[in-house]
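Reader: Can we go through the cavities in this one? Here is what I'm looking at.
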Amino acid sequence: MSNVELKSAPGAGGLYLKAAIGMTPLAGTRKKELPDTVVSLEAQPVDLDRLAAFGRVTEHTLTGSLPPIFFNVLSMPLQLKLMTGDGFPFPVIGLVHVNNKIEQTRKVDAAEPLGLSVRVQDLRPHPKGRQFDVISEARVGDELVSKATSTYLRIGKPSEEAAAEKTEEIDFSALPQIATWSLPGDLGRRYASVSGDRNPIHMHDLTAKAFGFPKAIAHGMWTKARALAAIDNKLPDAFTVDVAFKRPILLPSKVGFHVAEVDDGLNFSVRNAKKGTPHVDGTTRAA
Amino acid sequence: MAASKAPRPVWVIGGNRIPFVRSNAQYAHASNQDMFTAAVDGLADRYGLAGERIGDFAGGAVLKFARELNLSREVVLGSKLAPETPAFDVGQACGTGLEAAILIANKIALGQIDSGIAGGTDTTSDAPIELNEDLRQILMDVNRIKDPKKQALTLLTKFRPGMIKPEIPVNREARTGLSMGEHTAITAKEWNITREAQDELTYNSHQNLAKAWDEGWQDDMVTPYLGVEIDGNLRADTSLEKLAKLKPVFGGKDGTMTAANSTPLSDGASAVLLGTEEWAKERGLPLRARFVDAETSAVDYIVKQEGLLLAPVYAVPRLLERNKLTLQDFDFYEIHEAFAAQTLATLKAWEDPAFCKNRLGLDEPLGSIDRAKLNVKGGSLAAAHPFAATGGRIVANLAKLLEEKGSGRGLISICAAGGQGIVAILER
């Protein structure tokens, strides 16, 4: 196993440039398997100005605890570092984020320094190609406080052996709509400026078109963060939030937020306000 | 009103705040709502209020945005309290926090509610900046015109580049054009409040608060926020020599008021939980002190040229008379230190036979207080003064002091803009 231990967060901008260049690898240079590299960053204090800016874009109250998605913002440069590394089998740009699950063990105070680590695992078939997980963990000292599992799809040959993963049957289309959100055209740029995720598909209509989207699309993690902000005071200190990214939100857009309380948590969905088509379906469950 | 019943005793169960910090420091990017929610969530954690429907919630901020019209309700909705908790905003300048507590206490006393939360928040870092008033008038006119072409024409012909300059809120009395500090400089001169006396009060305030923090006395009333654990304005190591070196900031070059013996602009939030004995006991919560009575007053600081911040001088004798008490019948005095000069002038006015006779209509002056009982855990000069958050800090402080003493009585006195005074009695 090869480990990359960083003392400061790498800049994500340069890594996206690398990702773009990496779209056309020389034939035969790409590996077939996922690397077993762990990219880690030693404990750092949280940038409070950035936390406040993140809160404003995602409509979180700055209570002094870290919003669940903020861990993703912190680990994003590490994820990119790993996925643009030489041993990574796929070009980063073009991967489709299909699922994101976060397990948070407790509330984390903004003043607690966080150590981060990222690894990839479990390359497996998907009905539309192959999928794998990016595991991002955050620790206070040795204590694991947040573990995020982002599942990415590499579109390719359809695979019939892909197992049905969902065990819980929830009819997300039946959840009552409780709010309508107007998402501005520059939302991608606004979230990019606080998250560092400057993937061109979020930045501008023109750059999004280059990758096959008719318009710039909202960050899936923004949508998830916005949804969690709306139900923040209903979340226990320890919980799991699992979302499936269904369809991209083309910006600008009006979306409906749908939610219902269940025994041990909430089911929620972000859907197109006019057509009702799903963008994000999710669940939160007490841990 | 339903059948008249005797008022019920109202108890202060406890308070919680975030550390106060100076303007444009650690909370520079926190809004009123952010800070107030943090203080309320901390209160909910301490007293097991998560998911609890509280009878009513009153709070406010002195400096707030138009969009914050329902600030208190938004705080409730973002907090751990049950969303079924109603809330309303209160505004009485620096008296906001204490006035909120009075309103909640009155509702409890009348039997309308069994529990309530009162508090306040203020930020001078994330303060509203308004459009230039001339530009705002033009934009409102333009908005009233239906034809888009005429709209554009009106805007173009009336707009002047100077209108880009925004209006930043200032700490100034609308009817005199003087800032609060300038008003207090007049009071300091009138009452011969010396620089030395002001610096000594300031020094004591810092010493008392530093000791309270050192002893852990504040720990069950303050929730750390954004990495801040103790009040940012506290200068535990200050000395009378250091204070004496500062240049005056109000009252000209011979003035006695400095940046140290005046409270700085600051950010913070506080909240206090009040309830009936039964409500608290059902939940196993402490009963720290009873919220006994309160009085508000106002002075004509314009034509009659009363001291802008000396209205509590009038409120206290009325409160004492109603409760058949003398000024000396208290174990603790929590007098808000907006400025050392205002605090000292207040005490001096109560000692002054002529003032008490001519202005307060008293045969005898109220007399002196035992200074050893004044702001024993520090005052606003040390803790700082995020306007609407000060009342909650003081009520929680005094209730804890009385609980520790076992039995006794405390007086709260807060001065506010517009020549107003808000005073209250707590007992145990």
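Author: What follows is a short talk about the cavities and their linings. This is a predicted model, where local features need pLDDT of at least 70, side-chain atom pairs count only at pLDDT 80 or more, and totals for chains, interfaces and linings use all residues. Residues are numbered from 1 along each chain as its sequence is written, chains are lettered from A and ligands numbered from 1 in the order in which they are written, and side-chain values use heavy atoms, with hydrogens and water left out.

Reader: How many cavities of 30 Å³ or more are there?
Author: Five. A cavity is a set of points, on a 1 Å grid over the protein atoms alone, where a 1.4 Å probe fits but cannot get out. Its volume is the space filled by probe spheres set on the points.

Reader: What volume does the largest cavity have?
Author: About 60 Å³.

Reader: Which residues line the largest cavity?
Author: Among them are A:P68, A:F71, A:I102 and A:E137; a lining residue has an atom within 4 Å of a point. In chain A, α3 (70-83), β5 (129-140) and β6 (143-155) each supply at least two lining residues. Helices (H or I, at least four residues) and strands (E, at least two) are DSSP runs, numbered from the N terminus.

Reader: And what classes are in that lining?
Author: Six nonpolar, four polar and one charged. Asp, Glu, Lys and Arg count as charged, Ala, Val, Leu, Ile, Met, Phe, Trp, Tyr, Cys and Pro as nonpolar, and the others, Gly among them, as polar.

Reader: Next one. What supplies the largest share of the lining of the second largest cavity?
Author: α14(B), with four residues. The second largest cavity holds about 50 Å³ of space, and its lining includes B:G15, B:M221 and B:R393.

How values were computed. On a 1 Å grid over the protein atoms alone, a cavity is a set of points where a 1.4 Å probe fits but cannot get out, and a pocket is an open set with protein on both sides within 12 Å along at least five of seven lines; lining residues have an atom within 4 Å of a point.
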